[in-house]
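The following note is intended for a colleague who is meeting this structure for the first time. Its points concern selected side-chain contacts and their surroundings.

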Amino acid sequence: RNDHQFATAQRFAQQPGVTVAWDEAELSRCLERMGDVSSFAPIPPKAPRELTDRLRGFLVEGRR
């Protein structure tokens, strides 16, 4: 109703390493460019402290 997903995608698209596909054709091209995903760094089993602290802060502030 208010295009909030579009605004979120626009913000993520500005981040290094993030690819946003705006339509199906672009999604296909993006996936082809990605190549072998096994070459990416593995996701660590635990989130970095900075991330969990920021999430915790967001959740606490959001409840006020």
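1. Arg 49 and Asp 53 are separated by about one helical turn, because they stand four residues apart in helix H3. The model under discussion is a predicted one.

2. These two residues form a salt bridge, in which the closest N and O atoms of Arg 49 and Asp 53 are 3.3 Å apart. Arg 49 is exposed, its relative accessible area being 64%, whereas Asp 53, at 35%, is partly exposed.

3. Asp 53 also forms a salt bridge with Arg 56, where the closest N and O atoms lie 3.2 Å apart. Both residues belong to helix H3, three residues from each other, or about one turn of the helix. Helix H3 spans residues 49-62.

4. In general, side chains of opposite charge can pair when their charged atoms come close.

5. A search of the whole structure finds one aromatic pair. The ring centres of Phe 6 and Trp 22 are 5.2 Å apart and the planes meet at 55 degrees, so the pair is classed as tilted. The pair links distant parts of the chain, 16 residues apart: Phe 6 lies in helix H1 (residues 4-13), and Trp 22 in the loop between H1 and helix H2 (24-34).

6. Phe 6 is partly exposed, with 44% relative accessibility. Trp 22 is likewise partly exposed, at 42%.

Technical notes. Residues are numbered from 1 along each chain as its sequence is written. This is a predicted model: local features need pLDDT of at least 70, side-chain atom pairs count only at pLDDT 80 or more; totals for chains, interfaces and linings use all residues. Side-chain values use heavy atoms; hydrogens and water are left out. Rings of Phe, Tyr and Trp (its six-membered ring) pair if their centres lie within 6.5 Å; planes under 30 degrees apart count as stacked, over 60 as edge-to-face and the rest as tilted. Helices (H or I, at least four residues) and strands (E, at least two) are DSSP runs, numbered from the N terminus. Buried means under 20% relative accessible area, exposed over 50%, partly exposed in between (1.4 Å probe, protein chains only). A salt bridge is a side-chain nitrogen of Lys or Arg within 4 Å of a carboxyl oxygen of Asp or Glu.
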